[in-house]
Amino acid sequence: MTDFKRTKLELPEGRSKVLMHSCCAPCSGEVMEAMTASGIDYSIFFYNPNIHPVREYEIRKEENIRFAQKHNIPFIDADYDMDNWFDRVKGLEDAPERGERCTVCFDMRFERAALYAHEHGFDTLTSALGISRWKDMNQINDCGERAAARYSDLVYWAYNWRKGGGSQRMIQISKREEFYQQEYCGCVYSLRDTNRWRREHGRERIKIGVKYYGQEETLGEDTPR
Ligand code: SF4
């Protein structure tokens, strides 16, 4: 963990046990280190059936497991029920990023996380999703709160992980740990749209499994998607 001096985090309403939904190692690294430094009891919940193709999914998951094991943080590896994800976003294939398809996608992931939290004695739900500047934090918090509201024993902790230098530390940690650097949000539609943008701007298509933080050529393009 870093030697940065942190402010001690307090959980809402005197809560004590956090389930953190994680989408990838780069986004969760800073969140994990912040909670660990504050002595918060938490586990990681990896439920991301939105990530395609499966090779990309496995790489992102394995990177997250590697970092969790390094710091002895419990890691819950949930289903990869891709078919359900495609069913839920049917008709929204052409919605833009941060649009309606993403709301459905966040809802699905938070609903599963909230159910797990409720069934396994967690009283607080949070997520690393909002730390990326590519995401709409209000959209994510709305989805998290909606999911947690299904259970009277659960609250959503809408902490802004970007503040107080969190965004910068996310990058520093990613470089220090040489995390895999994904180049699109996750689903086939975001892969399609990012490749379309690249083609229009004279850039190469995304190559899965090749880019890692800390390598010379990744410097300057450093925010997780
Ligand atoms: S762009 Fe990202 S958040 Fe939106 S639907 Fe695709 S994977 Fe989910």
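This is a predicted model: local features need pLDDT of at least 70, side-chain atom pairs count only at pLDDT 80 or more; totals for chains, interfaces and linings use all residues.
Biologist: Which element gives the largest share of the largest nonpolar core?

Modeller: The largest nonpolar core has 50 residues, and Val18, Ala113 and Leu125 have the most contacts inside it. Elements that give two or more residues to this core include strand 1 (17–22), strand 2 (41–46), helix 2 (54–70) and helix 5 (137–148). The largest share, eight residues, comes from helix 4.

Biologist: Which residues does Ala113 touch, not counting residues up to four places away in sequence?

Modeller: Ala113 is one of the residues with the most contacts inside the largest core. With the residues up to four places away in sequence left out, Ala113 touches Leu19, His21, Phe45, Tyr47, Leu125 and Ala147.

Biologist: Which residues are included in the second, separate core?

Modeller: In helix 7, Tyr189, Ser190 and Leu191 are buried. The cover over the buried residues of this helix includes helix 4 (100–119). The second core is separate and has five residues, among them Cys185, Cys187, Tyr189 and Leu191.

Biologist: Which residue just after helix 7 takes a positive phi, and of about how many degrees?

Modeller: Most residues other than glycine have a negative phi. The residue just after helix 7 is a glycine with a positive phi of about 65 degrees, namely Gly202.

Biologist: Are helix 1 and helix 6 roughly parallel or roughly perpendicular to each other?

Modeller: Two packed helices are described by the angle between their axes and the distance between the axes. Here the axes of helix 1 and helix 6 come within 8 Å and cross at roughly 110 degrees. Angles of 65 to 115 degrees count as roughly perpendicular. The two helices, helix 1 and helix 6, are therefore roughly perpendicular.

Biologist: How do the residues of the contact of helix 1 with helix 6 divide into nonpolar, polar and charged?

Modeller: Helix 1 contributes Pro26, Cys27, Gly29, Glu30 and Glu33. These meet Gly166, Arg169, Met170, Ile173, Ser174 and Glu177 in helix 6. The contact of helix 1 with helix 6 divides into four nonpolar, three polar and four charged residues.

Biologist: Where is the cis peptide bond that has an omega of about -10 degrees?

Modeller: Most peptide bonds are trans. With omega at about -10 degrees, the cis bond joins His52 and Pro53.

Biologist: Is Glu13 buried or exposed?

Modeller: Glu13 is found in the segment before strand 1. Although not a glycine, Glu13 has a positive phi of about 55 degrees. Because Glu13 has 9 C-beta neighbours inside 10 Å, Glu13 counts as exposed.

Biologist: How far apart in space are Phe122 and Val18, C-alpha to C-alpha?

Modeller: Phe122 lies in the loop between helix 4 and strand 4 (124–127), and counts as buried because it has 24 C-beta neighbours inside 10 Å. Not counting residues up to four places away in sequence, Phe122 touches Lys17, Val18, Leu19 and Ala117. Phe122 and Val18 are 104 residues apart in sequence, while their C-alpha separation is 5.7 Å.

Methods
Residues are numbered from 1 along each chain as its sequence is written. A residue is buried if 20 or more other C-beta atoms lie within 10 Å of its own, exposed if 12 or fewer, and partly exposed in between; C-beta atoms are placed from the backbone. Helices (H or I, at least four residues) and strands (E, at least two) are DSSP runs, numbered from the N terminus. Two residues are in contact if their C-beta atoms, placed from the backbone, lie within 7 Å. A nonpolar core is a set of buried Ala, Val, Leu, Ile, Met, Phe, Trp, Tyr and Cys residues joined through C-beta atoms within 7 Å. Axes are lines fitted to C-alpha atoms, for helices over the stretch in contact, and angles run from 0 to 180 degrees between N-to-C directions. Angles under 35 degrees count as roughly parallel, over 145 as roughly antiparallel, 65 to 115 as roughly perpendicular and the rest as oblique. Ala, Val, Leu, Ile, Met, Phe, Trp, Tyr, Cys and Pro count as nonpolar, Asp, Glu, Lys and Arg as charged, and the others, Gly among them, as polar.
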